[in-house]
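Thank you all for coming; I would like to walk you slowly through one structure this morning.

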Amino acid sequence: MRSIIIGGGVAGLAMTTALGALPQISESTIIERRPTDAPSGMGFLLMPNGLAALRELAPQVHWAHTGHWIEHASLRASDGSILREHALEPALCVSRARFLSQLRATALGGGRARMLDGASVTHLTTLPDDDAFADRVQSVVLDNGNALDGELFFGCDGARSRFRTMLFPKAELSDAAIHEIVSVAEAPVLARELGTTFRKYHDPRGGLAVGMLAEGNGRVVWFIQMDAERYRLSDASGPTLAAFADATLDGWASDVIEALSTTDFNQSHLWKTRDLPPLPALHRGNAALLGDAAHACLPFTSQGANSALVDAVRLARLLRDVRTVGGTPRAFAEYTRLRRPNHRRLFLEGRRLRAAFLAPVASSGPVLPLVA
Ligand SMILES: Cc1cc2nc3c(=O)[nH]c(=O)nc-3n(C[C@H](O)[C@H](O)[C@H](O)COP(=O)(O)OP(=O)(O)OC[C@H]3O[C@@H](n4cnc5c(N)ncnc54)[C@H](O)[C@@H]3O)c2cc1C
C-alpha cells in the first residue's frame, strides 16, 4: 500500500517514521509546502509522553542529544520575586530546526520514503461512494497540477490544515485571543543561570507573561505571551516587535532584560495562537488527521509536538495488522475512539489555563504552564 503524508512537520515526519516499520507500506511520500531552507521556528519542550513516543518510533536515536533537559519550574512575578517553584518530570527543550532535521533523517532513512519539498496540496480527488468504503480518497493534487495516487492518506498540515477543511468543511479554528512573540537569545550567561529551570515571569494584573528556557549551546528560547485584546501590534516586523518588547517589559526582572538585549527580533516570530474545537472524528474513509491538523491546542499545554508524536505511534500500532486498504476504516475508527478524548481534554485544559492566564495572578495563582 502507498501512503501519502501531507505536511512535513513533527506529525508528518513522525507518521512517516512509524510507517517505515510496517512491511505492508510499499512507499511513503511526504508533501511539504515549505522549501528546505525556510526558517523553521524556535523550539519546544518534549514532555515525557512525547519522549516515550520517540523512543518507540526510533529507539536507535539518542533523542536526548537533540536538546537540553528541563527539570524545574520557577514561577515569578515581573519584578523577579518567586511565587512558586516545583520539580518537573524531566522534559527536553529542543530547537525545532535541529529536532526536525533529526526526525527527517530518521523518516527518510529506511529508503521507502521520499519528501517533496516546496510542493503544496491544493485539493483531493475521491472515488465514488460505494457501500463498502464511502468517501475513499484517491489522490491529492499539488499546486503544480500533478496528482499523487495512494491508498492511505495522512493529513499532517498543521493548525490551518487545508486537508482537514476538505474532510470536515465545517470545522473552524477559534479566534486568536492570545498572541506570543517567540524568540531565541544568544545569551550564554543567562543560559548557564537558567540551567535546567523553566522560568516564567507574570504581570500581576494577568494577561502578560514571559517564559524562558535554555536550549543548549548558550541559546535561550523565550516567549512573550499576551492578551491579544489588550496588547496590539501594528505589524510583525522585527523593529515593531523589538520596540513593543522594550516598552512593555521596561522594569521587569534582570533576566528578562538580558533576554531582550541579546535577541535579534528580525528572527522572532509572532504567533497568533488558535485552538480547534474537538472534531466529530479524526478520520474519514482512508484518510486520517494527526497533530495540529487534528487538534490544534493552545500553547499553555505545551502539547502540540508531543500529541503529534503520540498520534503517530498510536495510529501505526493500529495499522500493524492491516494488510489491505479495505481494513483501514476500522483501524482509523479505532484511532478516533482512542485519541479523541485526549484531544478534548487538551482543548478544555488549554481553555482553563487561558482563563487563569488572563485573570490577575492573585485570583488564580500563576499558570502552571505544562500539561502532562
Ligand atoms: C514554521 C513553524 C514554526 C513553528 N515554531 C514553533 C515554535 O517555535 N515553538 C512551538 O512550540 N511550536 C512551533 N510550531 C508549531 C509546532 O511545530 C506544532 O504545534 C507541533 O509541532 C505540531 O506539529 P504538526 O506537524 O502537527 O504541525 P506543524 O508543525 O505546523 O507542521 C505542518 C506542516 O505542514 C505544512 N503544510 C501546511 N499546509 C500544507 C499543504 N497544503 N501542503 C503541503 N504542506 C503543507 C507546513 O508547511 C508545515 O511544515 C511551529 C510550526 C511551524 C509550521
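This is a predicted model: local features need pLDDT of at least 70, side-chain atom pairs count only at pLDDT 80 or more; totals for chains, interfaces and linings use all residues.

How many bridges join β3 to strand β5, and do they run parallel or antiparallel? Four bridges join β3 to β5 (residues 82-95), and the two run antiparallel; strands here are DSSP runs of E with at least two residues, helices are runs of H or I with at least four, both numbered from the N terminus, and two strands pair if DSSP finds at least two bridges between them.

Residues are numbered from 1 along each chain as its sequence is written.

Within this pairing, Leu-46 has Leu-92 in β5 as its bridge partner.

Both strands belong to an open sheet of eight strands with mixed pairing, in the order β3-β5-β4-β12-β13-β14-β11-β15. Its edge strands are β3 and β15, each of which pairs on one side only.

Turning to β11 (residues 178-186), seven of its nine residues are buried, where buried asks for 20 or more other C-beta atoms within 10 Å of the residue's own, with C-beta atoms placed from the backbone. This strand pairs with β14 (residues 219-227) in the antiparallel sense over nine bridges, and Glu-186 has Arg-219 of β14 as its bridge partner. With β15 (residues 269-273), β11 pairs in the antiparallel sense over five bridges, and there Glu-180 stands opposite Trp-271.

Key
A residue is buried if 20 or more other C-beta atoms lie within 10 Å of its own, exposed if 12 or fewer, and partly exposed in between; C-beta atoms are placed from the backbone.
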